[in-house]
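Subject: Structure handover

Dear colleague,

Here is the structure we spoke about, with its sequence. My notes on what was found in it follow below.

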Amino acid sequence: MRGRLGRECVYVPSCRFGLYAALRHWCPPGGRVLMSPVNDDVIFFVVLAAGLRPVQAPLKPSDASIDIDAVPTEVWGSLSAVLTTNLYGNPDPAPRLRARCDALGIPLFEDAAHAIGSEVGGRPVGAWGDASVFSLSKHVGAKAGGILSVADPGLREALEKTCDALLLPRRTTAELAYAVRPYAEAAVRGLRLRRAAWATMRLLGLMEREEIRMPLRPDELACAVAAAPDLGAHDPWVRVDMHDYRLGAGRFRLGRIGRRLDRLDGVLADCRAGTELLLSTRWAKPAGWPGPQSPPTGTAQPLFRVPLLVADREAAVRALARRGIVVGYLYDPPLDDYAGAAFTDLSPSPEGARWFARHALPVDPLRARAAIAALEESGARPAELPEGLVPSGG
């Protein structure tokens with residue numbers, strides 16, 4: 001990862017753990033962090049755990065990237081930091097955000113969990129921020145681990161010590177569960193024991209959500225926020241779907257991660273090809289969207305998921321399920337609608353985020369052909385952007 005990014009990196013047990021360490025290092029408690037409302041709720045709780053106030057940004061409805069020009073001047077002046085999302089691997093406008101943060105004298109953090117191979121402004125995503133965090137569970141497929149990358153190489157040792165102090169001792173049972181998980185999942189797939197698989201994953205703490213968003217539990221959350229900064233107080237929310245997010249790693253885990261990283265370039269090439277195919281379909285942009293429907297050949301990012309925009313997402317999800325394609329990584333409703341003004345500053349222009357969150361269908365580019373066939377067969381229609389959200393000239 002140091003070679004890919006051209007900057008110092010620290011191994012961390014998870015992306016969420018690395019982000020917490022970065023926020024605690026750079027931001028004073030009570031600071032305000034601009035972030036995307038179309039994001040995993042775990043990241044929202046990490047910001048709260050660090051003793052910070054999330055500020056929800058307006059988003060462009062076509063790809064859910066931060067709409068810099070729609071952020072009010074007074075909001076910019078109140079911020080302590082900016083956190084990008086790079087949703088599904090589509091880059092946020094990092095060069096402009098970097099310039100704005102430099103002018104304000106505040107740090108830029110890049111959440112690159114979905115964007116390990118994406119580029120923006122001629123540089124890799126993750127090479128723009130004061131710190132950036134990557135997940136090794138996504139493209140890498142290691143189901144564990146993350147990377148915390150820093151622009152200032154002189155900070156590496158201090159951040160490594162911060163992370164070490166936050167780690168919990170590794171547990172033999174956790175390492176054993178990690179070792180056998182791929183074989184158990186393969187057996188379940190082979191025997192088509194889908195219901196048993198879901199039940200087992202819930203028991204292991206690997207899948208805890210009944211709905212897209214986890215239960216907020218506002219009274220308990222208010223108590224945790226009052227104790228912040230405190231990762232332990234927010235553990236019931238931060239650990240969801242990954243109970244070992246702050247456990248030290250054993251040799252077996254690190255070995256598997258290393259082997260998976262060795263194969264990353266091949267995975268990225270396959271993701272790029274699948275992304276290009278999906279972006280050539282009629283669901284790649286909203287109906288009537290101005291400009292080209294797909295990027296020029298050979299320029300697609302290696303997206304982790306390709307957010308197709310469909311009129312009836314529930315029907316599209318069912319159509320993909322009939323082909324054995326599971327749709328995950330949905331972030332609906334947006335975080336400000338989910339959490340409310342008690343826990344976050346609401347977006348000044350929420351319509352773009354709401355529309356995208358309702359219509360985005362994240363498709364695995366490695367299953368591109370099967371997904372296209374399923375959507376064609378089902379007669380899925382592209383989502384139509386309301387007139388008020390179409391950019392000028394459209």
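The secondary structure of the chain comes to 16 helices and 11 strands. Please bear in mind throughout that this is a predicted model. The chain has 394 residues, and 51% of them are buried. Among contacts with a separation of 6 or more, 74% join residues 24 or more positions apart.

Helix α2 covers residues 15-26, 12 residues in total. From its first C-alpha to its last it reaches 17 Å, close to the 16 Å expected at 1.5 Å a residue. Because 9 of its 12 residues are buried, α2 is largely enclosed by the rest of the structure. The buried residues are Cys15, Arg16, Phe17, Gly18, Leu19, Tyr20, Ala21, Ala22 and Leu23.

Helix α15 runs over residues 351-359, and its buried residues are Gly352, Ala353, Trp355, Phe356, Ala357 and His359. What do they pack against? The partners are strand β10 (306-309), helix α13 and strand β11 (360-363).

The cavity

The structure holds 1 cavity of 30 Å³ or more, and the space in the largest cavity is about 30 Å³. Phe356 and Ala357, listed above among the buried residues of α15, belong to the lining of this cavity. Val38, Tyr88, Arg313, Leu330, Tyr331 and Ala360 are also part of that lining. By class, the lining has 7 nonpolar residues, 1 charged residue and no polar ones.

Asp111 and Asn86

Asp111 sits in strand β5, residues 108-111. Its relative accessibility is 5%, so it counts as buried, the cut-off being under 20%. Beyond its neighbours within four places in sequence, Asp111 is in contact with Cys15, Ile43, Leu83, Thr84, Thr85, Asn86 and Val133. One of these, Cys15, is also among the buried residues of α2. Thr85 is 26 residues from Asp111 along the chain, yet the two C-alpha atoms are separated by 5.0 Å.

Asn86, another of the contacts of Asp111, is located in the loop between β4 (81-84) and α5 (94-104). Asn86 has a positive phi of about 50°, although it is not a glycine. With a relative accessible area of 2%, Asn86 is buried.

Ala64 lies in the loop between β3 (53-56) and α4 (73-78). Is Ala64 buried or exposed? It counts as buried, at 5% relative accessibility.

The loop between α9 and α10

His234 is found in the loop between α9 (218-227) and α10 (235-238). At 0% relative accessibility, His234 counts as buried. A polar atom of the His234 side chain lies 3.0 Å from the backbone oxygen of Asp230. Not counting residues up to four places away in sequence, His234 touches Phe45, Leu48, Ala49, Leu221, Ala224, Val225 and Ala228.

Ala228 also takes part in a cis peptide bond: the bond from Ala228 to Pro229 is cis, with omega near 0°.

Another cis peptide bond

The peptide bond from Asp332 to Pro333 is also cis, with omega near 5°. Pro333 is in the loop between α13 (313-321) and α14 (335-339). Helix α13 was mentioned above as one of the elements that the buried residues of α15 pack against.

Ala300

The last item is Ala300, in the loop between α12 (264-279) and β10. Ala300 is buried, with a relative accessible area of 6%. In sequence, Ala300 and Leu279 are 21 residues apart; in space they are 8.3 Å apart, C-alpha to C-alpha. Strand β10, at the other end of this loop, is also among the elements against which the buried residues of α15 pack.

Regards

Methods: Residues are numbered from 1 along each chain as its sequence is written. This is a predicted model: local features need pLDDT of at least 70, side-chain atom pairs count only at pLDDT 80 or more; totals for chains, interfaces and linings use all residues. Side-chain values use heavy atoms; hydrogens and water are left out. On a 1 Å grid over the protein atoms alone, a cavity is a set of points where a 1.4 Å probe fits but cannot get out, and a pocket is an open set with protein on both sides within 12 Å along at least five of seven lines; lining residues have an atom within 4 Å of a point. Grid points are joined across faces, edges and corners, and a volume is the space filled by probe spheres set on the points. Ala, Val, Leu, Ile, Met, Phe, Trp, Tyr, Cys and Pro count as nonpolar, Asp, Glu, Lys and Arg as charged, and the others, Gly among them, as polar. Helices (H or I, at least four residues) and strands (E, at least two) are DSSP runs, numbered from the N terminus. Buried means under 20% relative accessible area, exposed over 50%, partly exposed in between (1.4 Å probe, protein chains only). Contact means heavy atoms within 4.5 Å. A polar contact is a pair of N or O atoms within 3.5 Å; within protein, one must be able to donate a hydrogen and the other to accept it, and residues adjacent in sequence count only if both atoms are side-chain atoms. The expected span of a helix is 1.5 Å times one less than its number of residues.
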